[in-house]
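Subject: Structure handover

Hello,

Here is the structure you are taking over. Please open it and keep it in view while you read the notes below.

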Amino acid sequence: MADWARAQSPAAVEEILDRENKRMADSLASKVTRLKSDSDFTSMTGLLTGSVKRFSTMARSGRDNRKLLCGMAVGLIVAFFILSYLLSRART
């Protein structure tokens with residue numbers, strides 16, 4: 001507000017208003033960016049929560065599913081090691 005008292009001409013007032021407007025627009029843009037990133041994080045959290053719930057339900061549902069789950073876990077671990085071996089060989 002001290003700038004307003006010092007303003008002597010309409011051009012100076014307009015310059016002050018432009019600077020304030022740009023500052024507020026930048027502040028608003030940064031808030032929008034933060035809100036978008038929070039929204040992305042929330043949707044990803046929801047996706048992971050749903051996956052964990054389905055996985056837990058499958059693990060609790062019976063012996064046959066436990067065997068399947070164990071087989072899938074072993075298969076994924078073996079696939080990981082095979083891929084890491086192949087990638088290390090491809091680099092050399």
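A salt bridge is counted where a side-chain nitrogen of Lys or Arg lies within 4 Å of a carboxyl oxygen of Asp or Glu. A search of the whole structure on that basis turns up 1 salt bridge. Please bear in mind that this is a predicted model.

The salt bridge joins the side chains of Arg23 and Glu20, with 2.5 Å from N to O. Because the two residues stand 3 apart in helix α2 (residues 10–60), about one helical turn separates Arg23 from Glu20. As background, side chains of opposite charge can pair when their charged atoms come close.

Now the overall layout. The protein chain has 3 helices and 0 strands, and its pattern along the sequence reads α-α-α. It has 92 residues, of which 2% count as buried. Its accessible surface is about 8,400 Å², and carbon and sulfur atoms account for 65% of that.

Next, the stretch that has an annotation. An unreviewed UniProt entry places the feature "transmembrane region" at residues 68–87. In the model, residues 68–87 are 100% helix and 0% strand, with 28 Å between the end C-alpha atoms.

How many aromatic pairs does a search of the whole structure find? The search finds 1. The pair consists of Phe80 and Phe81, arranged edge-to-face, with 5.6 Å from centre to centre and 70° between the planes. The angle counts as edge-to-face because it is over 60 degrees.

Val78 is partly exposed, with a relative accessibility of 43%.

Last, the confidence of the prediction. The mean pLDDT of the protein chain is 80, and 84% of its residues reach 70 or more. Which element has the lowest mean pLDDT, and which the highest? Helix α1 (residues 2–6) has the lowest, at 53, while α3 has the highest, at 87. Where pLDDT is low, the predicted coordinates should not be read in detail.

Regards

Methods: Residues are numbered from 1 along each chain as its sequence is written. Side-chain values use heavy atoms; hydrogens and water are left out. Helices (H or I, at least four residues) and strands (E, at least two) are DSSP runs, numbered from the N terminus. UniProt positions are given in the numbering used here, feature names are shortened, and annotations may be inferred rather than shown by experiment. Rings of Phe, Tyr and Trp (its six-membered ring) pair if their centres lie within 6.5 Å; planes under 30 degrees apart count as stacked, over 60 as edge-to-face and the rest as tilted. Buried means under 20% relative accessible area, exposed over 50%, partly exposed in between (1.4 Å probe, protein chains only). Accessible areas come from the Shrake-Rupley method with a 1.4 Å probe; for residues, only the protein chains shown count as cover. pLDDT is the predictor's confidence in each residue, from 0 to 100.
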